[in-house]
Amino acid sequence: MAGTAIARVPFPGSPRPTIGIEWEIALVDKVTRDLSNTAAAVFDSLGDLHAYDGTPQVTKELLRNTVELVTGVHNTVGEAVDDLRGTMDTVRRAADPLGVDLFCAGTHPFAQWSAQQLTRSAHYDELIDRTQWWGRQMMIWGVHVHVGVSHGEKVFPILNSLLLSYPHLLSLSASSPMWAGADTGYASNRTLMFQQLPTAGLPFQFENWTQFEHFVHDEMKTGVFEQLGGMHWDIRPAPKWGTIEVRVCDGISTRAELAAMAALIHCLIVDLDQRLDNGETLPTIPPWHVQENKWRAARYGLDAIVIVDDDSNERLVTDDLMDLLQRLEPTAKRLGCADELALVAEIPQRGASYQRQRKVAASTQGDLVAVVDALVKELDQ
């Protein structure tokens, strides 16, 4: 790389540990419960919705069965979830006359990918042209959480250490056990589907921001992506916003669980940021352990045995989670999300979404329409 001019990737940073949330919502027919390709009609009814800071509150996605709810920039989880509640109510009022309900999970239990219509745009057209069959398979939904970080040099120490909590986030939010009418045997089939895209999957563990800039140079020069938004890592820097964006979670079907997961992510990143400020070297594990933990969480969900340190020690993910929540309590109090963080512990007690979906299917002799009914009801609460 000697003698090669590398374009800098500015990271303006955030003066406060702000939070923003993106919530992908699917549209389903009120009668058949299949996916409904009516996003364009919903957008026509909605008009132009923007938050106070100019952020679009509802945006288009790859498939015309999906709308994405987007918050403005907030200081607390509670503010962000209230923002989403208002937008959700507006979208629901627009969808209802069209015979459409709202639904959120990592995958739809029985819809067929070949029946889904694509949103036409230069970006999406290029994506499908490049990825072909795998790109057309992306009938999946997730939740993305942005947390403000003050300086670019903090990003990769935080991101690398955050990977230790990857299986906790995935197992708690896993909501995609079924695909095209079949139980896949996985808690999160979405996770393994999405990583088939060439720029998706686990992030590289760079030592510093300069290494990341060299990576971006290489990828853009070789046409892997033309803009940073084309880098679809499960956890990624978002330089435009001065945030770390966590994209690990499956689609989440209740506001309480959304608040819980957002609080956990907010606290994890702010805790790591503070520990950096205190001069601590943040813990990491090798990429091969991160990769194995991702697979175990996707396969086994809350029953996953995960690797917890670089000495290859293992624990049941829910046991490790309880210790993690206790350690994060002071951070949650400072951030004003102690109540939301406390909701995380209720998810294993009640059952994660993948477990609840399987329970409904078992109690109805495999009726997957009943599974969609249950998910629609959860989102409406």
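I began with a definition: a residue is partly exposed when its relative accessible area falls between the buried limit, under 20%, and the exposed limit, over 50%. I kept in mind that I was reading a predicted model.

**Entry: two backbone angles**

I looked up Ser312 and found a relative accessible area of 41%, so Ser312 counts as partly exposed. Its place is the loop between strand S12 (305-307) and strand S13 (314-316). I noted a positive phi of about 65 degrees at Ser312, which is not a glycine. Most residues other than glycine have a negative phi.

I then turned to Gln365. Is Gln365 buried or exposed? Its relative accessible area is 73%, and because exposed means over 50%, Gln365 is exposed. Gln365 sits in the loop between helix H13 (353-363) and helix H14 (368-380). I recorded a positive phi here too, of about 55 degrees, and Gln365 is not a glycine either.

**Entry: overall form**

I looked up the secondary structure and found 14 helices and 13 strands. The C-alpha trace spans about 60 × 45 × 40 Å along its principal axes. I checked the radius of gyration, which is 20 Å; a compact globule of 381 residues would have one near 21 Å, so the protein agrees with that expectation. Of the contacts between residues at least 6 apart in sequence, 75% join residues at least 24 apart.

**Entry: burial and core**

I noted that 57% of the 381 residues are buried. In soluble globular proteins, nonpolar side chains tend to be buried together. I therefore looked for nonpolar cores, taken as buried nonpolar residues joined through side-chain atoms within 4.5 Å. Which residues have the most contacts inside the largest core? They are Trp23, Phe212 and Leu264, in a core of 90 residues. Helix H8 (residues 255-277) gives the most to this core, with 13 residues.

Leaving out residues up to four places away in sequence, Phe212 touches Val9, Phe156, Phe206, Leu228, Met231, Trp233 and Pro237. I also found a second, separate core of 28 residues, which includes Phe103, Met138, Met193 and Val371.

**Entry: surface and charge**

I looked up the accessible surface, which comes to about 15800 Å². Carbon and sulfur atoms hold 50% of that surface. How many positive and negative charges does the protein have? I found 32 positive and 50 negative charges, and their mean positions are 2 Å apart.

Methods. Residues are numbered from 1 along each chain as its sequence is written. This is a predicted model: local features need pLDDT of at least 70, side-chain atom pairs count only at pLDDT 80 or more; totals for chains, interfaces and linings use all residues. Side-chain values use heavy atoms; hydrogens and water are left out. Helices (H or I, at least four residues) and strands (E, at least two) are DSSP runs, numbered from the N terminus. The radius of gyration is taken over C-alpha atoms; the globule rule is 2.2 Å times the number of residues to the power 0.38. Buried means under 20% relative accessible area, exposed over 50%, partly exposed in between (1.4 Å probe, protein chains only). Contact means heavy atoms within 4.5 Å. Accessible areas come from the Shrake-Rupley method with a 1.4 Å probe; for residues, only the protein chains shown count as cover. Lys and Arg count as positive and Asp and Glu as negative; His and the chain ends are not counted. The place of a charge is taken as NZ of Lys, CZ of Arg, CG of Asp or CD of Glu.
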